[in-house]
Amino acid sequence: MTSKAKPSSTIAISLREVRKTFGEVVAVDSVDLDVFNGEFLTLLGPSGSGKTTVLRMVAGFEALTSGSILLDGEDVTGVPAFERDVNTVFQDYALFPHMTVLENIEYGLKVKGVARDERRNRATKILEVVQLIGFADRKPNQLSGGQRQRVALARALVNQPKVLLLDEPLGALDLKLREEMQVELKSIQQRVGITFVYVTHDQSEALSMSDRVVVFNAGKIEQIGTPQEIYEHPATSFVASFVGITNLFSGDRAQQIIGRSGTFTLRPEHVQISFDSSQTGLSATISSIQYLGAESRVHCTTKDNLKVIATVANEHLSRVVLGQLATLVWKPDAVFEVS
Amino acid sequence: MSLSTSSQIAKHKTQSINRFFASHPRLGLGTLLSGPILWLLVVYVGSLALLVVSAFFGLDEFTGKATTNLTIGNIEEVISESAYRLLVLRSIGIAGAATVICFMLALPVGFYISKLAKPWAKRGLVVAILLPLWAGYLVKAFALRAVFEPGSEFGDGGFLKNTIGWSPGFGYLSVIITLAYLWFPYMFLPIYSGFERLPESLIDASSDLGAGSIRTFFSVMMPMLVPSIAAGSIFTFSLSLGDYITVKIVGGKSQMIGNIIERTLLAPNQPLAAAFTLWPITIMVAYLFVMARLGAFKNL
C-alpha cells in the first residue's frame, strides 16, 4: 500500500479470500469483504454460519487458515489482538469483575500509558455518551444487564478504535430493552462516527440498524446489500427465507404458479386474500390463522397441498374464516427470482 | 399368593412412612440429620472443647496424670518461654515457605493445564498431579528421605548425593521441600479450578484492549485467582503447620510445634501439651480469618 489515494482510504477493513477451518470443519470459506469507513455493517446469519468467526479473526482472537485481513490498508493478518486498532464488545460483556466501572473503562487507556488526567477525562466523557454518569464506582455485579452492556460499549469506545466489533451484544437482553438499545446503538454510532461491524442472528436487528447487511450461510457470503436490497430483492432463496418470512416457489410449482421455471420469492405482505370469486388468482383454503398483534399471518393451502402465507391487517381479519375458500392475488412485480 | 400380600403390606408400610414424613417435615429433617449432628458434636466439637479445657488442668507431679485443679500456668508457660516462641515462629516460617513453593509451582502448571493443554490431555494431566494423593503419606516421606540422605561414615548417601554429589541433608530445607511435595495437589486443585472458572472472554477482552499476555496475567487473571490461591494456601499452610512426622523423617534435629506437643504428651504432661496446641489453633483461626477476607470461601 504505497499510494495514499482517497478511494482506498475510505475502506476500513478488507477481507481477502479469508478461510478458516477447525479440523475437518470449514467455518469460513474464502470470504471477500470490504467495510467502509464510518458505516454500520452487520454480519447476519444463523448460528454456525461463520459470522462470529469472521469477527474474531478481524479482532485477532482467531488465526486465519489462509487469506489476509487489511485494516486501513495495512495487512494485519499476523498481528496479535493487542496490537490491532480495533475493539470488541463481547456477547457476555466480559467486564472485569474485580474492577469498578471506571477502572474497566480506563483499562485500555492505562495499558497504552495514557496519563491519569486524560484517562479520567475521556472516561467521564464516554460515561456521558452511554448515560452512566454516577455509576463509575460500581462493580459490574451491581449493574443490570443493560447497564453492563453500556459499560462494555464504553470500555471499547473510549479507545477511539478505527473499528468497533460487536458480537451479538444485545443477545442477553429482554426484547423491550433490546429494542431501546438498538436505537441507542445506532445513534451512538452516528455520533462518534466509528465504523461498527455488528454480528447478529436476529434479522430484524440487522435490518433496523445497519447501513449494509452481509448475509452468511455455511461459511460463505450469500448477499451484501442495504437492508432494503436484502429484504426486497433477496439474491438467493436462503436470504429470502432467512430475512423475514417468505413464500418460495420452485420447480413444477414455479412453472404452475409463476409460469416460468426457476425459484421465486413472494413476501406474505404482497399476497392479498380475496373472496370475490370473479377474481383470477390462486384458489386456496384458509388453513390456519396466526394472530401477531399488529397484524395476522394467514396460512392458506391449495388443493394440491401448496402452502402460501399472507399477511392480513387485523381490521380485515373478521372477513377471514378458517376453512373458507379464497382467491390469493398478488401483483406480478411482487415476485422475484432468486438463485 | 402369600408373596404378593406380603409385598403389598411392605408397600403399604413405606407409603405410610412417606406420608408421615411428608406431613411432618421438621421430624423428617431431624431423622435425616440426627446421626451426623451427633457425630459432629461428639467427635468434632467435643474433642476440641475437651482439649482446650484440659489446657487449664493441673498435673499430678507423682503420677504424671492430669488433675482438675484449674490453672493458667500451662498457658503462661507456652506463651512466655522464648524458646517456645522461637519454635512457633520457625513453624510458621516452614509452613509459609512450603505454601509459597506450592503456589509458585501451581500457578504456571494450573494455567498451562487449564488454558493451554489440549482438551484430551487435560484430564490425564490433572489425574497425574493428583495421583500422589493416593499413595501413603509415609511412603512419600520415606521416598524423599532416600533422596535427601546425606550419607555418613556409616552408610551411603541417597539419590542426590550419588548423582550430583550434593544433598540438602536432613534439616529445615528438606522439611520444606517435602511438605511442599506432599501438599502440592491441595494448592493445585483450587488454582486449576480457578483458571477453569475464569471466562475465556475476559482474557480476550484484556488482549483486545491492548494488554500483552504478562499484563493480562497480572491485571486480570491474578486478581481473579486470589480466592483460589487463598483457599489452596489454607490447606498447604494448615497441613504443614500441624505436621510432625515429616520433620522426624527428613528433619534431622529440626523441630516444629507438632514435635514439642508429641514430646510433652509423652513426658507425660497432657495439660501442657494441650496448652501447646492452642498455638496452632490460634494461628489457624487468624489465618482463616485473613483468607476469608481475601474471599477463600467464596466458591465453596
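At 14% relative accessibility, Asp204(B) counts as buried, where buried denotes under 20% relative accessible area, exposed over 50%, and partly exposed the range in between (1.4 Å probe, protein chains only). The model examined here is predicted, so that local features need pLDDT of at least 70 and side-chain atom pairs count only at pLDDT 80 or more, whereas totals for chains, interfaces and linings use all residues. Residues are numbered from 1 along each chain as its sequence is written, chains are lettered from A and ligands numbered from 1 in the order in which they are written, and side-chain values use heavy atoms, with hydrogens and water left out.

Asp204(B) forms a salt bridge with Arg56(A), the closest N and O atoms lying 3.2 Å apart; the term salt bridge is applied to a side-chain nitrogen of Lys or Arg within 4 Å of a carboxyl oxygen of Asp or Glu. Because Arg56(A) lies in helix H2 of chain A and Asp204(B) in helix H9 (residues 200-208) of chain B, the pair joins two chains; helices (H or I, at least four residues) and strands (E, at least two) are DSSP runs, numbered from the N terminus. In contrast to the buried Asp204(B), Arg56(A) is partly exposed, with a relative accessible area of 23%. The count of salt bridges between chain A and chain B is one. Side chains of opposite charge can pair when their charged atoms come close.

The interface between the chains brings 23 residues of chain A into contact with 17 residues of chain B, contact being defined by heavy atoms within 4.5 Å. About 1,700 Å² is buried between chain A and chain B, and carbon and sulfur atoms give 61% of this area; buried area is the accessible area (1.4 Å probe) that two parts lose on being put together, summed over both. Phe82(A), His98(A) and Tyr107(A) supply 32% of the area that chain A buries against chain B, more than any other three residues. Seven residue pairs in polar contact (both at pLDDT 80 or more) are found across the interface of chain A and chain B, a polar contact being a pair of N or O atoms within 3.5 Å, of which, within protein, one must be able to donate a hydrogen and the other to accept it, while residues adjacent in sequence count only if both atoms are side-chain atoms.

On the side of chain A that touches chain B, helix H2 (51-59), strand E6 (86-89) and helix H3 (101-111) of chain A each supply at least two residues, and H3(A) gives the most, with four residues. The residues of this side of chain A divide into 13 nonpolar, five polar and five charged, with Ala, Val, Leu, Ile, Met, Phe, Trp, Tyr, Cys and Pro counted as nonpolar, Asp, Glu, Lys and Arg as charged, and the others, Gly among them, as polar.

The secondary structure of chain A comprises 10 helices and 18 strands, and 49% of the 339 residues of chain A count as buried. Along its principal axes, the C-alpha trace of chain A spans about 80 × 45 × 40 Å. Within chain A, the side chains of Lys51(A) and Glu168(A) meet in a salt bridge (3.7 Å, N to O). This pair links distant parts of the chain, with Lys51(A) in helix H2 of chain A and Glu168(A), 117 residues apart from it, in the loop between strand E7 (163-167) and helix H6 (175-192) of chain A. Both Lys51(A) and Glu168(A) are buried.

In chain B, Lys115(B) forms a salt bridge with Glu200(B), the closest N and O atoms being 3.7 Å apart. Lys115(B) lies in helix H4 (residues 82-116) of chain B and Glu200(B) in helix H9 of chain B, so the pair ties together parts that are 85 residues apart in sequence. Lys115(B) counts as buried at 16% relative accessibility, whereas Glu200(B) counts as partly exposed at 45%.

The domain assignment of chain B, with bounds from an automatic or database domain assignment, gives domain 1 (3-54) and domain 2 (79-298). The C-alpha centres of domain 1 and domain 2 of chain B lie 39 Å apart, and the contact takes four residues from domain 1 and six residues from domain 2. These two domains of chain B bury about 360 Å² between them, 70% of it on carbon and sulfur atoms.
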